[in-house]
Amino acid sequence: MMETDAVIQTLARDPKVKGPPTTVWLAICLVTALAYSVLAILIIAGARSDFAAQAPWVAVKAGLSLLFALAAAPLLLRLSRPGQTAGPWPPVLGVLLVGCVMTVAGSLASTAEGERIAAFTGGGFPVCAIVIPTLAAPSAAALFLWLRKQAPTQPMMAGMAAGILSGATAAMAYALTCPVDSAAFVAMWYPAAITICAALGALAGKFALRW
């Protein structure tokens, strides 16, 4: 019986076992996930009433989420293949998080002391920390089904990447209805929600993606 390392090397070398183009299937999953998320948000909550007037802020929130998605997609693609390393993408995600922390700090520092709590929380509980992971769950399930057809050899990392990608996709859709435009709120709670998705994805990957 072949050792696990030998099997991984064989899978990595042999193009016959790779199946359909992984990039194509991942793109299909992402387009479907984004369409589902947008449709779900519009049906359940609808677009914010002042959407036209606040479109630049909607774009900022969606753009921040898109940056996480653009870093997570190539990471997930790499980790779906046997014997691949994570490459430069974890540091890229780290830089994004550090940038968000700096934005939160700078925004709060320039906000009047009496207004900081409202700017940080949006004036209430940051529901996006719950809504985004909930909205991301079906997309994450689809990505996990796709990963099960691949050969990830780092199941927790692959699950984490799937969580980030599904969370970022959900966050892009949630930006359509989110009424809070404070820079501190956006830079704190959107990445926090995506991080929750990453943690849940890593935990699920440990069990669902192991060989």
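Me: Is C128 buried or exposed?
Reply: C128 is buried, at 1% relative accessibility. Buried means under 20% relative accessible area, exposed means over 50%, and partly exposed is in between (1.4 Å probe, protein chains only).

Me: Where do these values come from?
Reply: This is a predicted model, where local features need pLDDT of at least 70 and side-chain atom pairs count only at pLDDT 80 or more, while totals for chains, interfaces and linings use all residues. Residues are numbered from 1 along each chain as its sequence is written, and side-chain values use heavy atoms, with hydrogens and water left out.

Me: Back to the cysteine. How many disulfides are there?
Reply: Zero were found in a search of the whole structure. A disulfide here is a pair of cysteine sulfur atoms within 2.5 Å.

Me: New topic. How many salt bridges are there?
Reply: The count comes to three salt bridges. The rule asks for a side-chain nitrogen of Lys or Arg within 4 Å of a carboxyl oxygen of Asp or Glu.

Me: Which residue does D50 pair with?
Reply: D50 pairs with R48, at 2.7 Å from N to O. D50 is partly exposed at 31% relative accessibility, while R48 is buried at 8%.

Me: What does D181 bridge to?
Reply: One partner is R48, with the closest N and O atoms 2.8 Å apart. D181 lies in the loop between α7 and α8 and R48 in the loop between α2 and α3, so this pair ties together parts that are 133 residues apart in sequence. D181 also forms a salt bridge with K61, at 2.9 Å from N to O. K61 is in helix α3, so that pair links parts 120 residues apart in sequence. Through shared partners, the salt bridges join R48, D50, K61 and D181 into one network.

Me: How are the helices defined?
Reply: Helices (H or I, at least four residues) and strands (E, at least two) are DSSP runs, numbered from the N terminus.

Me: Is K61 buried or exposed, and what about A175?
Reply: K61 is buried, at 0% relative accessibility. A175 is buried too, with a relative accessible area of 0%.

Me: Where is A175, and what does it touch?
Reply: A175 sits in the loop between α7 (155-174) and α8 (183-208). Not counting residues up to four places away in sequence, A175 touches V58, K61, A62 and Y190. Contact means heavy atoms within 4.5 Å.

Me: Which residues touch the most other members of the largest nonpolar core?
Reply: They are F68, L76, I132, L165, F185 and Y190, out of 54 residues in that core. At least two core residues each come from α2, α3 (55-79), α4, α6 (128-148), α7 and α8. A nonpolar core is a set of buried Ala, Val, Leu, Ile, Met, Phe, Trp, Tyr and Cys residues joined through side-chain atoms within 4.5 Å.

Me: What is I132 in contact with?
Reply: Leaving aside neighbours within four places in sequence, I132 is in contact with G167, A170, A171, Y174, Y190, A193 and C197.
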